[in-house]
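This report describes selected local features of one protein chain. Please consult the sequence and the model shown below.

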Amino acid sequence: MKLLTGLVFCSLVLGVSSRSFFSFLGEAFDGARDMWRAYSDMREANYINSDKYFHARGNYDAAKRGPGGAWAAEVISDAREHFQRLTGHGAEDTLADQAANEWGRSGKDPNHFRPAGLPDKY
């Protein structure tokens, strides 16, 4: 746990190097909210084969906030995938989720992963 805390702190310090600390934290907070909104929408939609779309959308929205949002999206995405790997989800699913996460964080259109028939609300 101490190692994880140290890694998160170091990545936070490195991410803040070119911006003010409070601006970075604000972006990170807003990015975390974007990730939560995408997760909540995914649970609400409960639509088959839509998880990659919501992964990409959450990361895309968070990364648009700036470096703090991109940092939060990466930390949250990595933590989620590591947790799922520990609980027995397949490696192929983890790799596909991470690809969708990176797709969204890089600014590419998350609709690339949108399944046919997903309601327009999402």
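## The loop between helix 2 and helix 3

Asn46 lies in the loop between helix 2 and helix 3; helices are DSSP runs of H or I with at least four residues, numbered from the N terminus. The model is a predicted one, in which local features need pLDDT of at least 70, side-chain atom pairs count only at pLDDT 80 or more, and totals for chains, interfaces and linings use all residues. Residues are numbered from 1 along each chain as its sequence is written, and side-chain values use heavy atoms, without hydrogens and water.

Asn46 counts as exposed because its relative accessibility is 67%, where exposed means over 50% relative accessible area, buried under 20% and partly exposed in between (1.4 Å probe, protein chains only). Asn49 also belongs to the loop between helix 2 and helix 3, and at 61% relative accessibility Asn49 is exposed.

Although Asn46 is not a glycine, its phi is positive, at about 45°. Asn49, likewise not a glycine, has a positive phi of about 60°. Most residues other than glycine have a negative phi.

## Leu25 in helix 2

Leu25 is placed in helix 2, which covers residues 21–45. Leu25 is partly exposed, since its relative accessible area is 33%.

## Lys64 and its distance to Gly31

The loop between helix 3 (51–63) and helix 4 (67–86) contains Lys64. With a relative accessible area of 57%, Lys64 is exposed. Lys64 and Gly31 are 33 residues apart in sequence, while their C-alpha atoms are 8.3 Å apart in space.

Note on methods
Helix = DSSP H or I, 4+ residues; strand = E, 2+ residues; numbered from the N terminus.
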